[in-house]
Amino acid sequence: MGDIDVVESQPFKTGVPLVVDLDGTLIASDLLWESLFALLSKNIFYIFVLPFWLIKGKAFLKTAIAERVTLEAASLPYRQDFLNFLLDQHQAGHKLVLATASAQKFALAVAEHLGIFDKVFATDIHNNVSSHRKAALLVKHYGDKGFDYAGNSRDDLAVFAVSNQVIIVAPDRAAARYQKKHQARLFPAPTVSVMTFLKMLRVHQWLKNILIFVPVILAHELLNGPFFIASIAAFLAFSAAASAIYIINDLLDLPSDRKHLKKRNRPLASGAISIPCGLITSTILLFIAAITCFSLPLEFAAVLGIYVLTTFAYSLFIKRKMLVDVICLAGLYSLRLLGGMAATGIEQSFWLMTFSMFFFMSLALVKRYVELANSTLMVKDKLAGRGYRPEDRDIVGQSGVASAFTAALVLALYMNNDSILINYQHPWILWPLGPIVLYLNVRIWILAHRGEMDEDPVVFLATDWRSQLVISIGVICFLIAGMP
């Protein structure tokens, strides 16, 4: 949970029940938001029904959503330091009560999983157990000042006022002010660093957007001021849009990410950054991308719009479709090339787009191959959120290697095309590019087969020193071939 000052976990002896809030207190998330995205992940068209449920009240909304989705209590991001404290209290015989505004179905699942609560108060279809309603309910059962309470937010202030003693956990601003004023016991939240925020944006994935510069490089116009500035603007727009969709994808994938050995540590899955914060950030990034489009041709805005819609569709359902998912991923890389062409007005290249599809199809298949290789599933069981089964591993590998060789073949055919004489004075110097492409791609496949490829293959190419060396040789060949 990070370097924080953990309160000593000694019995909180008051002789009265300790009532514990759930959202933001026991867990570093909010189950209304969690269940909402679980519902939309199941069927995006529920978004048109939600306003009608909300008109009937938050209690009805929460219950209606809970009836249609299931959240795994075991995988929720519990605040481990506070949970350890509660476990000690339970061991010492202290009566613990869970009182939450979350839907009753989810609250009962959490209570059953932890096994430390004697009673549960939660929202049902008639009553939203929050703020003053929660305070009144607890006073009704235990009397004024007849219970201790652990909470975290402005909504809990009403409950603090009628509690015997108060524990503040990862407070918002209102709860933090209360804690300082009354010197209540505090379990502070881990500090969210800039690196945590950048990790949510997946800034390292922006390396993929360097593809936007490929058309202007191949056209020998990189040093042309207007072309270079347009490419920079296109790069920023794609990067902002990509990060916005990565956030939405992470929100839709919260349950499956928490089952993954590495993805469970992502800022949103771990609860390090709240869901509302993620949504606000995503909205701002999409706004930035849209504003940037005004400085570029209309064709670029169309390409970026197709990219955003396709990535959103990928997050919702395409990624669960066998083979369609990798074709889509390869297409998204090609859209970056189209974006570079549209931003600068450079003529589209059939050869470049064909090469791109096969080259990136191979890399997309690597990702699926690695996921299958690392899975512990039984035969005929599908990967979580994917359309592949363990027995598909061999054919996925064969298809990926075939795509790698096809990309090299397309490149060879292009270099034998008469049009190459127009752009290059010494076209024979380009012939090493074929073996270079095969080396880059096949080496990745060998590493994947050995179990040594754990990261995104495109990011790997951009960060691996051997790949960088070979790519540099290819760039030198390209520059020399174009010299007068």
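A103 has T123 in β3 as its bridge partner. The model is predicted: local features need pLDDT of at least 70, side-chain atom pairs count only at pLDDT 80 or more, and totals for chains, interfaces and linings use all residues. Residues are numbered from 1 along each chain as its sequence is written, and side-chain values use heavy atoms, leaving out hydrogens and water.

**The whole sheet**
- Six strands form an open sheet in the order β3-β2-β1-β4-β5-β6, with parallel pairing.
- Its edge strands, β3 (119-123) and β6 (185-187), each pair on one side only.
- Neighbouring strands are turned by 20° against each other on average, direction ignored.
- Strands (E, at least two residues) and helices (H or I, at least four) are DSSP runs, numbered from the N terminus.
- Two strands pair if DSSP finds at least two bridges between them.

**Around β2**
- Strand β2 (residues 96-103) runs parallel to β3, joined by four bridges.
- Helix α5 (residues 104-114) lies across β2 and β3, at about 145° to β2.
- Such angles run from 0 to 180 degrees between N-to-C directions, with axes fitted to C-alpha atoms, for helices over the stretch in contact (heavy atoms within 4.5 Å).

**Around β5**
- Strand β4 (residues 148-151) pairs with β5 over three parallel bridges; A150 partners I167 there.
- β5 and β6 also pair in parallel over three bridges, and V169 stands opposite F187 in β6.
- In a regular strand, side chains alternate between the two faces of the sheet.
- In β5 (residues 166-169), V166 and I168 point one way, I167 and V169 the other, and all are buried (under 20% relative accessible area, 1.4 Å probe, protein chains only).

Notes:
Buried means under 20% relative accessible area, exposed over 50%, partly exposed in between (1.4 Å probe, protein chains only).
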